[in-house]
Amino acid sequence: MSTTAHRKAAPGKPSCVATVVSDPFVYGAIVMLASFRRENPWFDGEVVILHDDTYSPLSQKNRELIARAAPNVRFHAVDARRFERIFRFAEEVVHTPKRLRAAFLILEAFTLDGYERVVTLDSDMIVLGSLQLLFQLEHEFCVVRAHDNVHDLPLPYFNTGTMMIRGDMLDGDMLETISRSLEGITVNRDHGKADQAVLNVFFRDREKTYLDSRYNFSKRLVPTSDADVMKFLRERDVRILHFLGEKPWNLKIKDGERDYRRLEDLWLKYFFTVASADARFRFARELIYQERLLRDHLIDTYASNKPKKTLWRDLEDQLVKRIYEKAG
Ligand SMILES: [Mn+2]
């Protein structure tokens, strides 16, 4: 038995929660971390915040806000050079746009072998109940299947919003292992984009255990007709609500989704209950900034008769550019 393997088997190694946070996701992270803490007061492990100055920058101010939502927090800067081959695969084979590179940083969670297990959660989630099960299961890799909400059918791939990683799947060399496994691979099925595509390819022939959908419940599965969304979620014992697609802390610029206002109200209510005065102030300023950007673009578009599609693209570009500018 190698020393690494021996260290792995040693009892008493702690568990952690890991998540990727960049500046635009800080409001989401505050809600996710505060709700996790509220529903899981028994958890005394660390929260590992994965970030990177190039692809997922996190300002000092935002780190302070996060530390307030999760006291036992550790900021872990990722070495993005180790992701080069994964980026290349994603961009050339599954055609993931470059701007989604931040999403890949969650793969770093597989390398955190100083822990007995790592539970990863997206920062666009609200934790609504106990996640104790995720800290008890003895499998090596657990995820929730993606769901086709149009046909109400489970899909043949998983969503990476909630993952439980332990045993052999938790290894300092996992980025190398994943990179190597992608060489020469072609993809003939849609697994989604970014980290999700990469992990679904990697786990194609590897063992995985599916968790009940309550541990990663898509907002798209909540009917808009239901008057009381909280009642709907409670009846299904939903433990994690996932805001896939458009985020509740962003103004809706695309209008491309159905109306999730009631679910977003839930998120807003949560945010204003748990966030510090400082975070609430910054959030208000952020909304004003977005509003102004949207207004200026609307005026510009209608004055010049640009198509609506151009408006969305310009707005997205500008928001993304702002994220990168902050890094420099
Ligand atoms: Mn997500």
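How many bridges join strand S1 to S2, and do the two run parallel or antiparallel? In this predicted model, 5 bridges join strand S1 (residues 15-20) to S2, and the two strands run parallel.

The model is a prediction, in which local features need pLDDT of at least 70 and side-chain atom pairs count only at pLDDT 80 or more, whereas totals for chains, interfaces and linings use all residues. Residues are numbered from 1 along each chain as its sequence is written.

View 1. Strand S2 (residues 46-51) is mostly covered, with 5 of its 6 residues buried (20 or more other C-beta atoms within 10 Å of the residue's own, with C-beta atoms placed from the backbone). Strands and helices are DSSP runs numbered from the N terminus, with at least two residues (E) for a strand and at least four (H or I) for a helix, and two strands pair if DSSP finds at least two bridges between them.

**View 2. The crossover through helix H3.** From S2 the chain passes through helix H3 (residues 60-69) to reach S3, in a β-α-β crossover that is right-handed, a term used when, with the strands pointing away from the viewer, the path from the first strand over the helix to the second runs clockwise.

**View 3. The buried side of helix H5.** In helix H5 (residues 174-182) the buried residues are Met174, Leu175, Ile178 and Ser179. They cover an arc of only 135 degrees around the axis, which puts them on the same side of H5; the arc is that of the directions from the helix axis to the C-beta atoms. These buried residues pack against helix H4 (84-92) and helix H6 (194-202), where contact requires C-beta atoms, placed from the backbone, within 7 Å. Just after H5, Gly184 takes a positive phi of about 75 degrees.

View 4. The domain assignment, automatic or from a database, gives domain 1 (3-274) and domain 2 (277-327). Taken over C-alpha atoms, the centres of the two domains are separated by 26 Å, and 18 residues of domain 1 are in contact with 14 residues of domain 2. On the side of domain 1 that touches domain 2, the elements giving two or more residues are H2 and helix H8 (261-274).

Terms used
A residue is buried if 20 or more other C-beta atoms lie within 10 Å of its own, exposed if 12 or fewer, and partly exposed in between; C-beta atoms are placed from the backbone. Two residues are in contact if their C-beta atoms, placed from the backbone, lie within 7 Å.
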